[in-house]
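Let's take a walk through this structure together, going from charged pairs to a pocket and then to a stretch of surface. Keep the model open beside the text as you read.

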Amino acid sequence: MDPIQLVEILKGHKTYIQTHNFPDPDAIASAFGLQYFLKQHGIPADICYDGRIEKLSTRKMFEVFGIDILSKDEISDMREEDYIVTVDSQKYNANLTDFIGDEVACIDHHPTVFACEYAYKDVRMVGACATLIAEYFYTTKTEMTPEVASCLAYGIKMDTADFVRGATSLDAEMFSFVFEQCNPEYISRMYTNVMEFSDLKAYGAAIDNIHVYGETGFAAIPFDCPDALIAVISDFILSLDVVDFSVVYAIRSDGIKFSVRSAKINVDAAMVVSNALKGYGTGGGHPFMAGGFIPRECMEGIQTKTDYLIEKLFLNEISKAEEKI
């Protein structure tokens, strides 16, 4: 897609850039980069989201890079005729609140679950959504500030786990492009004082409850835990030398939240979690990084022997995937 087409579509309309609920560094970097790109082409836009920004490291991006973002509660004047560009997310997905505005454009790097027509659609399977935004600057020769370049570089680094998770040649090319224009000091600041003391409790619970079967590691956190922290702990479990597939889940007041990681080339994390939770909840994501959720009202069948049943559901699906190889 030609990003200048997006500029033409948005002209004359109040514009919002919406991230998925509970935005992560890639979502925020993508929104911030797109906001500046549009500004350079005469389109003012506000960044917005619903949900919560849970991780201290993610909230720190606002301070380090100078980002302004509006929560749903802070938006009182959005109208049906206003335009919305979704980034790092797609309309009708469970992790994107349907705001009153018109979702005319979508920029994302996740597989499409629910088909939707947009006036502008840029959905490509790359490691980070921030890569697509960086390419907009590259192809149109649009100037960016060191803050924008640094933020995009950080978003690419985080969502590709330093280029070991789903990274493509375009991710590498665009990281090189933005890194040449960034201020490394900004990125360095993002790696200090980014863990909260309360996070250690979740790590401790996961370590105490880890079970490893073959090359699959399970860890249960028996209390409420933010989505972002569950995902970080799932990455942590996957880093063990005996684990190639990790399933971390937190038993919360509203249900059970899952984060799944796969280092097995032929075992798709999104398919495994989707099939494992079928009949109980929902799941999806990337082949190497996925998530799922079982609502409280659907937990009746697994309220006893919860850990055993969850492990059985996932191990069965992993076994089926491996049998197809």
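One cut-off is handy before we start: a residue is called buried when its relative accessible area is under 20%, exposed when that area is over 50%, and partly exposed in between. Please also keep in mind that this is a predicted model.

With that in hand, look at Asp46. Its relative accessibility is 25%, so Asp46 counts as partly exposed. Asp46 forms a salt bridge with Lys14, and the closest N and O atoms are 2.9 Å apart. Because Asp46 sits in strand β2 while Lys14 belongs to the loop between α1 (3-10) and β1 (15-18), the pair ties together parts that are 32 residues apart in sequence. Lys14 is partly exposed as well, at 36% relative accessibility.

Side chains of opposite charge can pair when their charged atoms come close. A search of the whole structure turns up 18 salt bridges, so let's visit some others. Glu63 and Arg189 meet through their side chains at 3.4 Å, N to O. This pair links distant parts of the chain, with Glu63 in helix α3 (residues 56-65) and Arg189 in helix α7 (residues 184-189), 126 residues apart. Glu63 is exposed at 56% relative accessibility, whereas Arg189 is partly exposed at 29%.

Now turn to Arg252, whose side chain meets that of Asp254 in a salt bridge of 3.6 Å, N to O. Arg252 counts as buried, with 9% relative accessibility, while Asp254 is partly exposed at 37%. Both belong to a network of salt bridges that links Asp224, Asp227, Arg252, Asp254 and Lys257.

Strand β2 also leads us to a pocket. The second largest pocket has a volume of about 210 Å³, and the elements giving two or more residues to its lining are α2 (25-40) and β2 (45-49). Helix α2 gives the most, with four residues. The lining has 13 residues in total, and Phe32, Gln35, Lys39, Ala45 and Asp68 lie nearest the pocket's centre. Sorted by class, the lining holds eight nonpolar, two polar and three charged residues.

Let's finish at the surface. Tyr92, Val113 and Phe114 make a nonpolar patch of about 330 Å². Val113 lies in the loop between β5 (102-108) and β6 (120-123), and is exposed, with a relative accessible area of 58%. Thr112 is placed in the loop between β5 and β6 too, but is partly exposed at 38%.

How values were computed
Residues numbered from 1 in each chain as written. Predicted model: local features only at pLDDT ≥ 70, side-chain atom pairs only at ≥ 80, totals over all residues. Heavy atoms only, no water. 1 Å grid on protein atoms, 1.4 Å probe; cavity = no way out; pocket = protein on both sides within 12 Å on 5 of 7 lines; lining within 4 Å. Points joined across faces, edges and corners; volume = space filled by probe spheres on them. Nonpolar A, V, L, I, M, F, W, Y, C, P; charged D, E, K, R; others polar. Patch = residues over 30% accessible without salt bridge, like charges linked within 9 Å, V, L, I, M, F, W, Y side chains within 5 Å. Areas by Shrake-Rupley, 256 points an atom, 1.4 Å probe, with all protein chains shown as cover. Salt bridge = Lys/Arg side-chain N within 4 Å of Asp/Glu carboxyl O. Buried < 20%, exposed > 50% of the residue type's maximum accessible area, 1.4 Å probe, protein only.
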